[in-house]
Number of protein chains: 2
Amino acid sequence: MVPNEKKGDTSTEEKIKNAARLVFHQKGYAGTRTRDIAEQAGINLALLNYYFRSKQKLFDLIMLETMQDFIQSMKTVFNDKNTSLQSKVEAVASRYIDLLIKEPEIPLFIMSELRANPEGLLQKMKFQEVLMKSTFIRQYRIEVVKGEIAPQNLLHFIINVIGLTVFPFVASPILRSLGDLTKEQFNALMVERKAFIPKWVYAMMKVS
Amino acid sequence: MVPNEKKGDTSTEEKIKNAARLVFHQKGYAGTRTRDIAEQAGINLALLNYYFRSKQKLFDLIMLETMQDFIQSMKTVFNDKNTSLQSKVEAVASRYIDLLIKEPEIPLFIMSELRANPEGLLQKMKFQEVLMKSTFIRQYRIEVVKGEIAPQNLLHFIINVIGLTVFPFVASPILRSLGDLTKEQFNALMVERKAFIPKWVYAMMKVS
DNA sequence: GTCTATATACGGATAGAC
DNA sequence: GTCTATCCGTATATAGAC
């Protein structure tokens, strides 16, 4: 029987990767047992080592892919020369919120694992280069010069856009408990924010 | 030799607790080895179990204390009937930023550990009651009625205040890498935010 | 109360049959 | 490629001497 490796996610290797992504995202590296992954994938524990050599190697792979997905999805938006700064903020908020409704554990996963591994991955991803040299940032600087935006530190702007978008997902257990919200009610609240965030950010950035 | 139990942190029990707090906050429950705690405390591993029975019991204690400290420090602010809403936002931002500069790992610690343990602690802490029945929230509602604030969902207001304050500390590895900042430069940026956040929040909340 | 030595359990990884 | 059985290091926890 030839395994259907091209059909997408049915190959054993893909099943393991998908299971690993799920479990690692939920429990982090230290909290995950290879046995959990094997069970989730519906395969035998030995196969995990057969395909990926070790827990660490499998984790590194998932971590890299996760961060790439998270960044790559924004590169296009940031560097579109045909859209205004404000519409870029709209696009970022909208896309991230859609993504995070599907995979809400990603930010906490990335940030938790990054505290252990300080500089390793961050430089490899050239995070700084991708964002800081983008059209997005150039447009921001232009608006500051034109007086449309108060001349605060650029990082405040970035923190605010990302924070308003991502933070509620990081803190969702607390927020859901505070408002006594179901998962659906919480998600609806996040969808509301898609329209608010660009307006909010612009209002903030007029403040000196 | 009588151990100086009253002198503060010199008793063995306190030494272990302080070490445990430090290590758990940095590495989380799963990532921490009891040996790390013993070493950090400068005591023998067996003493840890002598005083606290198990890793789990010690962790539960630290977790509870950490969350209480985090909430308790705000109860006073939230319920002060003699200060305006805006000055409460100022006080919250200012106090949290001071606290987080001293102990920046706390938010990530709480949120990471909360994703595992869903409802257990949150209800025990009566988070909802403390905040939702506070003077802070009553004043917010009054300003909405008076038309000073656009009638958005109350949770957006809370998410925004807390998010703008806490998020940068959660994401600090990424942000520091983005801006190529030393710890000191990062902290200075956070101090700047003390003054900005109340202004920003007010500007946002006028937006419909 | 504090130590050394040790029991016990658990998790990652491999050997080897099929 | 996939399984069962097992090895072996590591981590929590306890026993027992001092």
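In the predicted model described here, a phosphate oxygen of DNA strand C lies 3.0 Å from an N or O atom in the side chain of Arg33(A). A polar contact is a pair of N or O atoms within 3.5 Å; within protein, one atom must be able to donate a hydrogen and the other to accept it, and residues adjacent in sequence count only if both atoms are side-chain atoms. The side chain of Tyr51(B) also has an N or O atom at 2.7 Å from a phosphate oxygen of DNA strand C.

Of the atoms of DNA strand C that come within 4 Å of the protein, 58% belong to sugar and phosphate. The surface comprises six nonpolar, six polar and four charged residues. Here Ala, Val, Leu, Ile, Met, Phe, Trp, Tyr, Cys and Pro count as nonpolar, Asp, Glu, Lys and Arg as charged, and the others, Gly among them, as polar.

Chain A is divided into domain 1 (1–53) and domain 2 (60–205), with bounds from an automatic or database domain assignment. Their C-alpha centres lie 29 Å apart. The two domains bury about 770 Å² between them, 62% of it on carbon and sulfur atoms; buried area is the accessible area (1.4 Å probe) that two parts lose on being put together, summed over both. Lys17(A), Arg21(A) and His25(A) supply 67% of the area that domain 1 buries against domain 2. The rule finds two salt bridges across this interface, a salt bridge being a side-chain nitrogen of Lys or Arg within 4 Å of a carboxyl oxygen of Asp or Glu. Arg21(A) and Glu65(A) form a salt bridge through their side chains (3.0 Å, N to O).

Residues are numbered from 1 along each chain as its sequence is written, and chains are lettered from A and ligands numbered from 1 in the order in which they are written. In this predicted model, local features need pLDDT of at least 70, side-chain atom pairs count only at pLDDT 80 or more, and totals for chains, interfaces and linings use all residues, while side-chain values use heavy atoms, with hydrogens and water left out.

How values were computed: A residue is near a molecule or strand if one of its heavy atoms lies within 4 Å of it.
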